[in-house]
There are 2 protein chains.
Amino acid sequence: MDKQRCAARFTGKAWGVAGFLACTVAMALAGPAEAARAAKYTGKGELRMPGDYRQWVFVGAPVTPHDMNNGKAAFPEFHHVYIDPASFAAYRKTGKFPNGTVIVKELANVGAKSSASGNGYFAGEFIGVVATVKDAKRFAKEPGNWAYFSFTGADGKALASAKAHATADCNVCHQQNAGEDWVFTQHYPVLRAAKPAK
Amino acid sequence: MDKQRCAARFTGKAWGVAGFLACTVAMALAGPAEAARAAKYTGKGELRMPGDYRQWVFVGAPVTPHDMNNGKAAFPEFHHVYIDPASFAAYRKTGKFPNGTVIVKELANVGAKSSASGNGYFAGEFIGVVATVKDAKRFAKEPGNWAYFSFTGADGKALASAKAHATADCNVCHQQNAGEDWVFTQHYPVLRAAKPAK
């Protein structure tokens, strides 16, 4: 249930505000059937940039810098990876990524290699956002029903919406290498810890 | 306002459930004055292990591995750093860490150094939790009013609660090296991006 539906349901009722808030809580606690709401699309079917992902559930932050890849890293930055809260709740309950799961990967360059805590890698500034969405209906033709999106234009500027990548761009590598259902759970301890025991 | 106060306020009223939920929403939206609630203490004044920090706001994930520190890293792991949501909301509004701020640093060992995305550092398993709390009343004698806690016992097992470290253990280094108010904001792009423009 989204906010508009919450509003429509309670408009005009005597307990309107409390009811709306209760509905909002219900929305926040929504399960897998509601998870698809995290993905919003334009009229042309482009995925809109998720607006609040930094308050989603963080799952892991791999870093694959240039200086560990002969200066030619395919992804020379920190990846701050998040899952939308409703899909995280569903995953924690079922151990499966529900239809509608959105996973955002925010890119931050390497800002420093030493600090008071020692030598290492420390995130600098944000330089981009990419996302993947699982949707059996909308992405019926994609392997695993996962589609991939980059919110950086050819000119390097941020995009408000993005069309799906070709399957070969991202999906194939995820299919071949990800730990579980196209998701690199082998690098995301938060997801592994959340997965229910069999 | 905490859950018990929410429950007490609405018990017996006709719109009890809706009111409780509305109150809970109000609690979730609470500002700096309420932020202290993220820290809970035992009767002996030990900080209780925060229970839901993996759903708090992630701010950054430095890694300072052994192999970049001659095998003698002081902190040879990934640090997944989170701030409690109410204090994050206050920081985003005021640019200051409010009284009651709780910052949790969850430790994950290095699980892999290569993946399909290239060579780098990838988190393995969780190995510990530490936290810091800003409280002008409770920690009046600590520089900056920040106290530090480790939830790992001498036997390596997780602790349900922990007493504050001596000032020299953690506070001094933070005071001397942290970017802002004892917090290493120079390594936390989420906080830098959230800080309001002057």
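This is a predicted model: local features need pLDDT of at least 70, side-chain atom pairs count only at pLDDT 80 or more; totals for chains, interfaces and linings use all residues.

1. Residues are numbered from 1 along each chain as its sequence is written, chains are lettered from A in the order in which they are written, and side-chain values use heavy atoms, with hydrogens and water left out.

2. Chain A is superposed on chain B by a rotation of 180 degrees with 0.0 Å of shift along its axis, at an RMSD of 0.0 Å (least squares on the C-alpha atoms of residues with pLDDT of at least 70 in both). The two copies are thus related as by a two-fold rotation axis.

3. The contact (heavy atoms within 4.5 Å) takes 48 residues from chain A and 48 residues from chain B. Because 100% of the interface residues of chain A are also interface residues in chain B, the copies meet through the same surface.

4. Between them, chain A and chain B bury about 3,800 Å², with 65% of it on carbon and sulfur atoms (accessible area, 1.4 Å probe, lost on being put together and summed over both). On the side of chain A, the residues that lose the most area to chain B are Phe58(A), Met68(A) and His187(A), together 14% of what that side buries.

5. The rule finds two salt bridges across the interface (a side-chain nitrogen of Lys or Arg within 4 Å of a carboxyl oxygen of Asp or Glu). Arg192(B) forms a salt bridge with Glu125(A), the closest N and O atoms being 2.9 Å apart.

Key. Buried area is the accessible area (1.4 Å probe) that two parts lose on being put together, summed over both.
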